[in-house]
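Q: Could you walk me through some backbone and packing features here? I would like the general idea, then the case at hand.

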Amino acid sequence: MKMNTENTNCFIYTTDELLIELLGGVRVEGLDRMRVTMKVSVKNRKQKLYTSELADLAIRHNLDLYNDTQVEKFVRRVAEKLEVGSITLTKAIAEIISELEVYRLTQLSKQEQKPLKQLTEQEREEALNLLKSPNLLMKTNELIGQSGVIGEEVNRLLMYLIFTSRKREQPLHIISLGSSGIGKTYLQEKVGELIPTEDKLEITVLSENALYYFGQHELQHKLILIEDLDGAGTVLYPLRELQSKKFITKTLAQKTTTGETKTVHLKVEGPVSVAGCTTSEQVYEDNANRSFLIYIDESKEQDEKVMEYQRKRSAGTIDRAAENNVKQLLQNTQRVLQPVQIRNPYAEQLLLPQGVFKPRRTNAHYLAFIEAVTYYHQYQRTERVDEDTGEMFIETTLEDVKAANHLMKAVLLRKSDELTGACRNYYERLKQWLQQNKTSIFTSREISKALRLPISTVKRHNLALYNSGYLQRKENKETQSYHYEVTSFEDYEQLQNNLITALEQVYSQLSGSQAAQLVSEPVKPMKIKRVRRVAQQPSKK
């Protein structure tokens, strides 16, 4: 190649007479156009005589090299001002276009063929040892804590397993909710660091049509981390389609190099796992139905844990190297997980509690999460073969069901609660304060001062609770203000108990039926043994 592309900010092309520089290089994306800023100067003039002093100066101009009209005007202008032959310049630009096409295709090929990290024997052995260890989920949760994720013991493991599901055909999705500055993005970011870089895409700002311009298979089995869902409103529709249909398409009109209009069909395939954070008290229903909703722990105990870690980190007493080693181990663990089919022999008997809203979607999420737990235990499961189809698969165990039930209690509880997470948190704090002060009657201003919340927030929550029947409202005619009274202090405990009881009943029935099956199981081996003895009798005689 005559063009020097070592400096990506300035490509240099030379002929015997001309020096042509492409300032800013060229964009690799968008092969239907080739916009450049071209600087042309004469470095070795063939004819010594020239009429204009401007002929020694350089000419700069930005243009689309695929636009014939722009190129022709540019050639005439440069030939006239620099007093050089137009044929020489035309040939030079033609060669530049050809070399830029090769350069862009080469760069795109390199991007699509990103080399995967090759694990050493030691790294692979350490990852497999973890995946084969007993109490895998407990050990994984401990390692997540050692990587720098403070508190949030249930949420962090739930999120890690959901991120792991990206490798499956039906990935799960998650949205973190909480007030501003409480640690939603931090939790997502820190757990996201445990996923290999090649398997995730972190997005701060995403334009409306950005998703359609990824390569057709570029997003397959990727984890998409969106820092702020509130600022990604325009892209949520294609994201929902990518979550549900596993692909998105877009048809648009583009002009060819000859000026003709051509219809182009863009298609980007999934599946993907999507995670995002929001400060909104309510998530748009179509987005909420497709995702697990978790609420960040805003308790004083969690505040103390986080601040204690911050103090230790500032003092330099945190072993950062050990944290990075744990992150690397969990990343390698993700790399050794392989695609495998999963069958849940208990699925037909797993029933959701009656009070769960949107039971169809929630039931699908519940079963898929149990499969995600099984998938993470793949190195502890015996691979089986379907004799009819020849398909290899592993089976869910009762331990997987139990672990999923434990992690999904909070999710299912929120799915059964008619109040939003923010309103429920406020209501529980309110009841706690009232019980401590041995009263059930209060005013909005009184609670605003006691809980240190804006009066507008308190009034909004009180109105929502009043409309839902959780509060009674009485007007004080003397002060012309409203007093509120809590109707029941045990509603949430009853909801929790009903949910836990329903899950435990189903699990107990499954455990009982499995125990009964194990008791009757030895009968079959006895028959086999008898057959073997009969077959061996002639040889003994």
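Q: Where does E83 lie?

A: E83 sits in the loop between α1 (68–82) and α2 (86–112); helices here are DSSP runs of H or I with at least four residues, strands are E runs with at least two, and both are numbered from the N terminus. This is a predicted model, where local features need pLDDT of at least 70, side-chain atom pairs count only at pLDDT 80 or more, and totals for chains, interfaces and linings use all residues. Residues are numbered from 1 along each chain as its sequence is written, and side-chain values use heavy atoms, with hydrogens and water left out.

Q: What is the phi of E83?

A: Most residues other than glycine have a negative phi. E83 is not a glycine, yet its phi is positive, about 55 degrees.

Q: Is E83 buried or exposed?

A: E83 counts as buried because its relative accessibility is 16%; buried means under 20% relative accessible area, exposed over 50%, and partly exposed in between, using a 1.4 Å probe and protein chains only.

Q: What about H221?

A: H221, also not a glycine, has a positive phi of about 55 degrees. H221 is in the loop between β7 (200–203) and β8 (222–226), and at 24% relative accessibility H221 counts as partly exposed.

Q: Which peptide bond is cis?

A: Most peptide bonds are trans. The bond from G270 to P271 is cis, with omega near 5 degrees, and P271 is in the loop between β10 (261–269) and β11 (272–278).
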